[in-house]
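Reader: Could you put the model up and take me through a few spots in it?

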Amino acid sequence: MFNISKYDEAGSLDGALEFLSEHPAAKVIAGGTDVVIKMQGGKLREVELFSIRGLAELKGSKCSPDGAVLLGPLVTFSQIAGDPFLQDNIPVLTQAALSMGGPQIRNIATIGGNICNGAVSADSAPTLLALNAELRLQSARGERKVPLREFYLGPGKVDLRPGELLTGIMVRPEEYLGYHGHYIKFAMRKAMDIATLGVSVLCRVEEGKVLRGVRIALGVAAPTPIRCPEAEAFAEGKTASAETLREIGRLAVRSTKARTSWRASQEYREHLVAELVPRALQEAMRAAGGEGNA
Amino acid sequence: MREGKGISEAMRMPGVKGLSEAEGLSEAEGMSEAEGMSEVKGISEVGVMRMSEVKRKPGDGTTPENVLRKISFTVNGKALTLYVDIRESLLEVLRERLGFTGVKKGCGVGECGACTVLVDGTPIDSCIYLAVWADGREIRTVEGLAVDGQLSPVQEAFVEEGAIQCGFCTPGLVLSTTALAESGKEYSREEIKRELSGHFCRCTGYQNILKAAERAVHEGGHRCAHCEHEREGEKRI
């Protein structure tokens with residue numbers, strides 16, 4: 001028995017937004033893989049649950065003719081992993097989705113929940129950050145668009161206002177077309193584990209080894225998922241040598257604010273960043289058909 | 001997101017008006033105290049017994065109207081309509097109320113996979129799946145796999161490969177393997193490992209489990225050890 005005081009279900013998006021404006025204390029639940037576990041652990045008590053899992057408007061993903069991808073927040077990790085379009089065009093997102101939890105969790109956990117919970121270890125976060133994803137947030141008062149980068153406010157804190165629902169995750173074509181990426185989840189186990197560190201990189205590669213438009217995003221390296229602007233700026237136009245890649249890794253550490261937790265010390269996490277950022281870049285270059293030698 | 005207050009207030013709100021408004025659940029609306037209870041009796045006595053045992057704190061406002069929902073679903077092909085408590089997991093309903101004890105309770109937080117059942121053919125952890133979500137779904141448990149005492153091919157494969165030690169993880173693993181086998185898709189050994197990675201076997205009998213799963217998924221019971229069949233690019237089991 002979970003500690004639930006009230007349970008309601010949304011029938012339509014409009015109805016849901018209206019309900020939320022009248023019940024700001026209600027806890028939105030979708031897949032439940034975070035919320036139910038928090039209830040089980042006693043972190044959430046006497047919760048008023050508001051389930052949005054039936055909302056057809058928030059399911060499925062769309063790709064417009066120009067290539068803009070709009071992911072519905074209720075899309076599950078399994079659906080992302082199994083989507084042929086994403087597999088072909090944004091495989092780094094597929095890769096990230098497959099690294100999360102285990103199959104049963106991926107079958108119900110939603111991408112929107114992963115974002116809205118604001119976990120620093122969220123497996124979708126680094127990749128969506130690297131893709132410059134933009135969030136569509138809707139409330140009874142209207143819609144706003146927020147870059148994912150600005151959405152994270154602190155550990156477990158996101159810029160989701162009372163009464164607001166995440167209604168879509170947009171990835172523009174210019175953010176992924178021509179890019180190659182790689183996600184490395186560093187954890188103790190291959191499945192059912194929380195990332196000790198997550199690294200997602202995207203880049204374009206010219207002439208087999210010249211880096212362009214490098215994006216480096218990290219999970220669990222700061223209080224929120226972050227990008228590494230200094231390292232990205234340095235990487236622009238550089239020929240990828242072992243030395244350059246190492247320097248990019250070193251610079252990436254400067255953007256971090258890692259802390260010591262029971263999973264890993266700050267020093268170890270910094271070491272991982274310096275080590276894994278170059279490795280991820282190498283893999284991305286390999287995916288691009290480049291040399292990726294280092 | 002969560003605000004700690006205002007909860008008891010909501011609990012004391014009489015009736016279910018607030019609920020049906022947002023939900024559009026006409027059934028819930030019609031569930032006045034007297035009606036609701038008699039309906040409960042008619043459909044499932046378990047429901048009534050459950051209510052009398054419902055965990056309540058004095059004065060917390062828990063009434064059948066605000067914690068019970070009528071759901072209809074099938075379990076192993078049998079259609080059922082019953083009242084479930086909004087606070088119950090599907091695991092609790094299946095195990096404790098319907099007697100499907102093949103659904104094991106392990107970690108309770110979706111990590112061990114012992115409680116795995118198939119919902120519309122998809123493996124999920126029933127310990128973190130609210131019972132109300134089962135409405136309109138087809139649930140399969142390990143009890144539903146054998147037909148007329150004849151084990152399913154996946155069950156056979158587990159028996160043949162000795163993929164069972166204490167047996168606690170077995171129902172879940174058999175169900176996840178069943179979903180793979182029924183998908184009709186091809187899976188490499190690595191993919192099978194990945195697809196079974198949401199199950200813990202604390203006896204550590206993973207090798208035989210993997211063998212059983214490979215056998216069931218690839219061959220539908222076909223035994224590679226006794227023939228020349230070998231898949232391209234794959235080592236023989």
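Author: What follows covers one residue of chain A and then the domains of chain B. This is a predicted model in which local features need pLDDT of at least 70 and side-chain atom pairs count only at pLDDT 80 or more, while totals for chains, interfaces and linings use all residues. Residues are numbered from 1 along each chain as its sequence is written, chains are lettered from A and ligands numbered from 1 in the order written, and side-chain values use heavy atoms, leaving out hydrogens and water.

Reader: Is A:His182 buried or exposed?

Author: A:His182 counts as buried because its relative accessibility is 17%, where buried means under 20% relative accessible area, exposed over 50% and partly exposed in between (1.4 Å probe, protein chains only).

Reader: And which side chain does its side chain make a polar contact with?

Author: The side chain of A:His182 pairs with that of A:Gln95 at 3.4 Å; a polar contact is a pair of N or O atoms within 3.5 Å, where within protein one must be able to donate a hydrogen and the other to accept it, and residues adjacent in sequence count only if both atoms are side-chain atoms.

Reader: Switching to chain B, how is it divided?

Author: Chain B has domain 1 (9-143) and domain 2 (153-219), with bounds from an automatic or database domain assignment.

Reader: What about salt bridges between them?

Author: The count between domain 1 and domain 2 of chain B is 1 salt bridge, meaning a side-chain nitrogen of Lys or Arg within 4 Å of a carboxyl oxygen of Asp or Glu. B:Glu182 and B:Arg140 meet in a salt bridge at 2.9 Å, N to O.

Notes: Helices (H or I, at least four residues) and strands (E, at least two) are DSSP runs, numbered from the N terminus.
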